[in-house]
Amino acid sequence: MSTLERARCSLTAHPLAADAVLATGVLVCMVAGSFAVPRRDHGVTWDLRAPAVLSLVLMLAGAAALVLRRRTPRTVLAVTGTFSLVECVTGDPRAPVAMSAVVALYTVAATTDRATTWRLGLLTMTVLTAAAMLAGPLPWYAQENLGVLAWTGIGATAGDAVRSRRAVVQAIRDRAERAERTREEEARRRVAEERLRIARDLHDVVAHHIALVNVQAGVAAHVMDKRPDQAKEALAHVREASRSALNELRATVGLLRQSGDPEAPTEPAPGLSRLEELADTFRSAGLPVAVARADQGTELPAAVDLAAYRIVQEALTNVQKHAGPDAEAEVSVVRVGPNVEVTVLDDGSGAPGAPADGGGHGLLGMRERVTALGGTLTTGPRYGGGFRVHAILPVKTTTAQGETV
């Protein structure tokens, strides 16, 4: 870092010292200007003169007041304006005391709003110019009088321009900060949504297949001694259910891999096209399942298709776990206008020791899936016994960007 840069950084860190340096510079300029006087006898020439003692005192006091220009800008403007007014009336020849008022007016314009700048700027310009023209020793049309008007106007205009530029730069910074915060919040929201989605998928996969494994393992243990063939069949179902669970878990966990990890499984997500296959897994576990569909020709978005499949899977899993040994289930998928309605019914009386609400996070996960797609879910006991799960899913969903798919 050069010496000039270090000095600039030091002045920026200590504004009072910077104002003292500025006041010293203004004092030097005013004193230097007070020793020069134009002579117009034979054109514009310059001559040296000794300034009056009052002028020197006014210049020194005006420069000293500038040291506090950032702390009390309006008070400093009033003080320097008063000194300049005295000089305009009494100075002959006139010393450039008004320079301190110009700097003070610039400070007021740079640190306040535009309306205040207009009021104080016009007041300063009018008072000083009128005093110089009407009460000063020079003719009213003298260039020095017009110079007071010009310099005060320049000070107010320059300060307002600096304030406007600072406001624009600050607005740009604020927008950039808001955009950065918005990006971070959006990233956190997407991460939370993805974590919740993966948690729902893991719950659906594990709950479904582990329930089947539990049922089939119980059957195998019950008939192992008396009917070994049926036990072998039950164990085969256990193996098939565990293999399916592993495959779906592998596909779900594959979503969490980084870009440099081994390639994740590319098997498509399950949908209603595999509804009969899903029903067969429950039938093999001893749960009678009837499937009725009236949605022929309906092409569902991937998210809706997966949600409908998971809702049926979770509902049938709850029937298997909580409805009792003699329960039967009915699954219906119907296209009704712009929606597809998925209903799962059972007539069970409840398994011994099963909680009344089904327990776990199954119903909560179903509701979150349906709500995320803009649909509705109703669940509850049926009149006469059993349980009902009814989901209404829109065939066309709206993405986060407002696009319809």
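E328 counts as partly exposed because its relative accessibility is 44%, which falls between the 20% and 50% cut-offs. In this predicted model, E328 sits in the loop that runs between α10 (302–322) and β4 (329–336).

Side chains of opposite charge can pair when their charged atoms come close. The structure has 11 salt bridges, and the table lists some of them, including the R69 and D19 pair.

| Salt bridge | Closest N and O atoms |
|---|---|
| R69 and D19 | 3.0 Å |
| R114 and D160 | 3.0 Å |
| E186 and R189 | 2.4 Å |

Take R69 with D19, a salt bridge at 3.0 Å. R69 is in the loop between α3 (53–65) and α4 (73–90) while D19 is in helix α2 (residues 15–34), so this pair ties together parts 50 residues apart in sequence. Both ends are tucked away: R69 counts as buried at 11% relative accessibility, and D19 is buried at 2%.

R114 pairs with D160. That bridge links distant parts of the chain, with R114 in helix α6 (residues 114–134) and D160 in helix α7 (residues 143–223), 46 residues apart. Here R114 is partly exposed at 42%, whereas D160 is buried at 14%.

E186 and R189 stay local, both in helix α7 and 3 residues apart, about one turn of the helix. E186 is partly exposed at 27%, and R189 is partly exposed too, at 32%. Elsewhere, salt bridges with shared partners join D19, R69 and R70 into one network.

Terms used:
Residues numbered from 1 in each chain as written. Predicted model: local features only at pLDDT ≥ 70, side-chain atom pairs only at ≥ 80, totals over all residues. Heavy atoms only, no water. Helix = DSSP H or I, 4+ residues; strand = E, 2+ residues; numbered from the N terminus. Buried < 20%, exposed > 50% of the residue type's maximum accessible area, 1.4 Å probe, protein only. Salt bridge = Lys/Arg side-chain N within 4 Å of Asp/Glu carboxyl O.
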